[in-house]
Amino acid sequence: MRVYEKTNENFYEIVWNARLQFVIKNLSVVDEIQEALTVFRQADLSYFWSLNSLELKQEEAVSTKHYYTGEVTLTPHEPELARDRFLVAEEANKQQIDIILSYIDEDTDVIAELGAGYGGNLIRLAKAFHDKTGKSLSERDIKLFMAEFTTTGRDLCLEFLKRKNAPEMELQYIDHKAPDLSFLGQAKNPLIVTVHSIEQVTELPADYFKVLSQAGANVRGLHMEPVGFQFEPEAPKWAKHADFMKRKNWNHNFAEVIKQAEKDGYITIDKVDTTFADSQRENPTTLIAWHSNT
Ligand SMILES: C[S@@+](CC[C@H](N)C(=O)[O-])C[C@H]1O[C@@H](n2cnc3c(N)ncnc32)[C@H](O)[C@@H]1O
């Protein structure tokens, strides 16, 4: 039997695989991509998905270690709770898409989401862009890159992209711990986005924003991440959230690394909005925007 070490990456490898099996089993008849995405999110949020674990005795020690088995147990929520979770998630997602839309300008030639999960944000962005401008992103020569660490996240994205009205996008591997953006090639004005993905990485490498800032001629970055407590460490309102992040072993150094990148002259931070969104009450979202110095 295969077992998985308890890392945040393995958590998502298993989580996206469970969703992939669910979509293949239940949603293969839904032919249109946006409809499939909506039905998927409704179904997704109507269950609690818990990852099964087991304890294994360590060979050379008396201690035991916990592993994921790869199996997932689905427990249905009460219908009212399921509906509320869906509505809250839709509202939060709309706010995120609206912000990304507002950062697309005449010169944008690439939009890349790093840690894109199954590509849901980009699929919705493509529709929102079309609704707003009457043109598709590819008609405007804007190329979409969906970059994700897990194979299963990318497989789930491909499962959605088989459907009618699917936007064009290129799928790539990314690891925030060692980012390599060479797949962006000769991008002139890329917009690089992350949404609750850097949160998963306990410690970003010191050169993270240097690498991102060199991924094109004029790079802009847009991050919606739960890092408000890092920018306002003294504020009592963040105590519970900071504690949550620590307990989860999630990111603790985004603010430090981005401020250092600014001091070192690689980027200019344009905006830090710690009040951006708190739909995930335990995990409120801060918006950070920056551009590269050229
Ligand atoms: C909460 S999900 C968010 C997914 C997507 N951004 C969204 O908003 O739907 C976190 C994502 O971060 C990814 N992730 C975890 N560790 C990562 C790493 N080291 N590098 C890049 N992505 C990672 C996970 O695989 C997962 O897809």
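## Phenylalanine 149

Leaving aside residues up to four places away in sequence, phenylalanine 149 touches Glu9, Gly115, Tyr173, Ile174 and Asp175. The model is predicted. Phenylalanine 149 sits in the loop that runs between strand 5 (143-148) and helix 5 (151-161).

This residue is buried, because 22 other C-beta atoms lie within 10 Å and the cut-off for a buried residue is 20 or more. Between the C-alpha atoms of phenylalanine 149 and aspartate 264 there are 28 Å, the two residues being 115 apart along the chain.

## Domains and their contact

Two domains are assigned: domain 1 covers 4-82 and domain 2 covers 87-292. Their centres, taken over C-alpha atoms, are separated by 23 Å. In the contact, domain 1 takes part with 18 residues and domain 2 with 19 residues.

On the side of domain 1 that touches domain 2, helix 1 (8-26) and helix 2 (33-44) each supply at least two residues. Helix 1 gives the most to that side, with ten residues. Sorted by class, this side of domain 1 has nine nonpolar, three polar and six charged residues.

## Helix 2 against helix 4

Helix 2 packs with helix 4 (residues 120-133) at an angle of about 135°, and the axes are 11 Å apart.

From helix 2, the residues that make the contact are Ile33, Gln34 and Leu37, and from helix 4 they are Gly120, Ile123, Arg124 and Lys127. Divided by class, the residues of this contact are three nonpolar, two polar and two charged.

## Helix 3 against helix 4

Helix 4 also packs with helix 3 (residues 79-102): the axes come within 10 Å and cross at roughly 60°.

Helix 3 contributes Asn93, Gln96, Ile97, Ile100 and Leu101, which meet Asn121, Arg124, Leu125, Ala128, Phe129 and Lys132 in helix 4. This contact has six nonpolar, three polar and two charged residues. Arg124 of helix 4 is listed in the contact with helix 3 and in the contact with helix 2.

## Positive phi in loops

Aspartate 141 has a positive phi, near 60°, and is a residue other than glycine. Its place is the loop between helix 4 and strand 5. Aspartate 141 is exposed because 9 other C-beta atoms lie within 10 Å, and the limit for an exposed residue is 12 or fewer.

Asparagine 165 is not a glycine either, and its phi is positive at about 70°. The residue lies in the loop between helix 5 and strand 6 (170-173). Asparagine 165 has 15 C-beta neighbours inside 10 Å and so counts as partly exposed.

Helix 8 (residues 239-248) is hardly covered, with one buried residue among its ten.

Conventions: Residues are numbered from 1 along each chain as its sequence is written. This is a predicted model: local features need pLDDT of at least 70, side-chain atom pairs count only at pLDDT 80 or more; totals for chains, interfaces and linings use all residues. Helices (H or I, at least four residues) and strands (E, at least two) are DSSP runs, numbered from the N terminus. Domain bounds come from an automatic or database domain assignment. Two residues are in contact if their C-beta atoms, placed from the backbone, lie within 7 Å. Ala, Val, Leu, Ile, Met, Phe, Trp, Tyr, Cys and Pro count as nonpolar, Asp, Glu, Lys and Arg as charged, and the others, Gly among them, as polar. Axes are lines fitted to C-alpha atoms, for helices over the stretch in contact, and angles run from 0 to 180 degrees between N-to-C directions.
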